[in-house]
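Please read the following briefing alongside the sequence and the coordinates.

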Amino acid sequence: MVDLRTVRKEERGAALITVIGALLLVGTFVLLLSQLSLNEQRQSDFQEREDSTIAGTEALLERYAAKVTLDPLYYVHYVDEAERQRVCNDPAVDMTGYTGLPASAWNSECDDWSYVDVDLDADGNPDWYEHPLLDANGDPADLGTDDIAILMEVTPPQFDDPATPAVDEGAPLNVAVVGRMGDRINQRSISASIVATSLSEFVRVTELNLTYGSGANLTGKVYSGGNLDFVPVGTTTADIFAEGSILREPTLLNNARAFDGAGEHNDIRSEIEIPLNFSNFWDDLNVIQAAACGGGGICLDDADATGWLIHPYEDGLGEGRLSVYKATFSPSSQGCVNSEEWWYLNSEAEFTGQIADFNALWTPYGDYEYPRNGAVWTNAHTTIGARNQPEGTDISGDGLDDAVIKGSVTIYAGTQAAPKNVIINADTRIWNWPDSQFTIGLIASDEIVINPFATGGDRHFQLQAAILGQTDRWLVARDCGLGGSRLTPNNSTLDVFGSIATKSTGSISGSFTTRNYNFDPRLEYLRPPLYPLLDGNWRYENWSENPLPGWVNP
Amino acid sequence: MSIRRLQRIWRAEEGLTLTELLVVSLVTSIVGVILLGMMGSLFNNVGFQFALGDTQSEVRPELRSMIVRIRQAQAVGNTAADDPVSALSWDRLVIHIDTTPSATTAVEQELEKVEYQLVPTIINGGIQMYQLERRIYDPLNPTVRPLNYAAAPSETTVMLDNVIASAAQPLFTGAYFDAAGVEQSVASCAGINCDITQVEIFLQVDPSLTTDNPRIYEIEEEVRLRNG
């Protein structure tokens, strides 16, 4: 007979083996599943770190773009906190060996630089920038494992040569940003060009119909809120836009395109999302006034001022400055010239020969550096340039001093409620144009007027600026202000390199026999400070992820 | 029941009654079936989790490379394709990017045309399966604008197998924000009508290819076109 006790004991052994086997099986499954989960988690963590790094890197790029939107010349005003150390290489300026540490001011005359590593803590490793919002451990001196650190390099815009409009040499401001999370290997590098579509990117903008006459050869974009016509057919090397029809199309060169709202060309809405409406610019202009009067700009707001004269010039030390004069009397109508038109012709303290014994009687008010934010606002009609003041230079050689722009500034006169004119009273030239980063925007809440006496003995009036006549048009004054006989010398020439935006069209042709409306190609990549934007924001071009640059240590 | 009585039963050699045997067999069968079912389910789940894991491991890098490329897509600057996305439908996406940023030759330095296209493979349980292919087209002449591209791809890569999609469940969808800031969806577009700012990817992959209990790996991504 079988000893059941033995059997029972043996069964205990079998049960143990069975249980152990089962546990081993389950354990194997658990181990495999755990391994699978761990692998998945590692992948997820890696992915999360990649995403966090790219998000932090892009955040710093966007931060820089926001700064450039507010100050279009931020990159020549400052070396950003996240930049590497700059070394000036510009042979055009005497700045040999000039260097700029991160978070320091930069000399804006230097627009060609290279970079070197910064190692302020002398630990043998380049210093990276940790923005407080990306500094997980709260200690900027300690790169924690979850901290995101950034280094960036900035390449200033490159400009087209106006002499060779067919050759595309230009490039917008480019920023390359490298981000890392702690000492981990997944570093990311992105670069992008930062572009804000400004009104100044057009050589001509009107809200109404626009017609170009004989010999119109354009090098910049043109926009008309109505119809656009070229009589006879000219040429253009840039896109043309009409909300209505393009009645006669110019010869389109260099891949220029035509856009209209009539369905006869490319759809204008594919390029310009909403029709340009000058009423929409008032908000931008209010910002300029606010920046001038409450944000560190120059605010010329004296209650007794009837006129302001602003003369941009280069002083003996080579610095750009703004000399300001003020008038306090109110002229009365003289013959066919009304009190407003008086300023068109008598904006200089000189005997003009046209209206005897009258002048603006300017009194010196102040001599200013260019404001950091580039904003100047005035509460009265504003004259730009003084042809016979002690300070000034006659670059154009016409016997009259020019307004020489050696800085970046936007001068805005009046408000929507109290519109004022801007009178251009001297040849207006950008220092070192076209290789300069400096720009000037002239904005009249009413009209832009050229003083005909500023043409000078050379019979050339030269204007390098972006101008905006918000309410009406731009014109050359005549002996009855808006009407009457021409006051410019016979066979005079108007040379514009810039951008002209007026709600209505102009009254120029009767005063200048030859009119050259050239686009300043720099304005494709630069805009005067706070100059109105078309879509209110900046955008990227050529945003791309790149291989890590050589200066990044693995 | 006392221990003594149990010991008596244990010592007893009368055997088991038919009823007892039947009860024991029944109980054993029920327990066995339950255990086998549990084991089968466990094996099935474990197998599927492994398949899902494998699929996820395959999908992640491919999806990542697709996202990286889509978000840096650029317009090539001609009237036929002046937006980063030049064609989009439920099974196809065409973008232009520089696929070789470190390249030195003129052709490689220019923007290539990259096409993501679903190609039908098998029908499994009534569901059409696709391969997701990436095709790269080189510019014909990189120095001439606007860029034009070769008709045949210079490179074709099968990114993923067993992809499920349809017009009702599109792999690619476009989106943009209108003037009122409301997101508008775009099911398909081509040429100058592809003025979108975002591409949405809804990727479904069947890792098991079983018809009785199909479980699908799904992942959704929204990619903002940085140059859009």
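Chain A has a radius of gyration of 32 Å, whereas a compact globule of 554 residues would have one near 24 Å; the radius is taken over C-alpha atoms, and the globule rule is 2.2 Å times the number of residues to the power 0.38. This is a predicted model, in which local features need pLDDT of at least 70 and side-chain atom pairs count only at pLDDT 80 or more, while totals for chains, interfaces and linings use all residues. Residues are numbered from 1 along each chain as its sequence is written, and chains are lettered from A and ligands numbered from 1 in the order in which they are written.

**Overall architecture**
- Taken along the principal axes, the box filled by the C-alpha atoms of chain A is roughly 145 × 60 × 45 Å.
- Chain A contains four helices and 37 strands, these being DSSP runs numbered from the N terminus (helices H or I, at least four residues; strands E, at least two).
- Of the 554 residues in chain A, 45% are buried, a residue being buried if 20 or more other C-beta atoms, placed from the backbone, lie within 10 Å of its own.
- Among the contacts in chain A with a separation of 6 or more, 64% link residues 24 or more positions apart, a contact requiring C-beta atoms, placed from the backbone, within 7 Å.

**Contact between chains A and B**
- Chain A contributes 22 residues to the contact and chain B contributes 23 residues.
- On the side of chain A that touches chain B, the elements giving two or more residues are helix 1 (4-70), strand 19 (266-267) and strand 37 (533-545) of chain A, and helix 1 of chain A gives the most, with seven residues.

**A three-stranded sheet**
- In chain A, three strands form an open sheet in the order 11-14-17 with parallel pairing, where strands pair if DSSP finds at least two bridges between them.
- Strand 11 (217-218) and strand 17 (251-252) of chain A are the edge strands, each pairing on one side only.
- Strand 11 of chain A is joined to strand 14 (residues 235-236) of chain A by two bridges, and A:Asn217 stands opposite A:Thr235.

**Nonpolar cores**
- The largest nonpolar core has 126 residues, and those touching the most other members include A:Ile150, A:Met152 and A:Val175; such a core is a set of buried Ala, Val, Leu, Ile, Met, Phe, Trp, Tyr and Cys residues joined through C-beta atoms within 7 Å.
- Strand 6 (residues 148-155) of chain A supplies the largest share of this core, six residues.
- A second, separate core of 32 residues includes B:Leu63, B:Leu111, B:Tyr130 and B:Val205.

Terms used
Buried ≥ 20, exposed ≤ 12 C-beta atoms within 10 Å, placed from the backbone. Contact = placed C-beta atoms within 7 Å.
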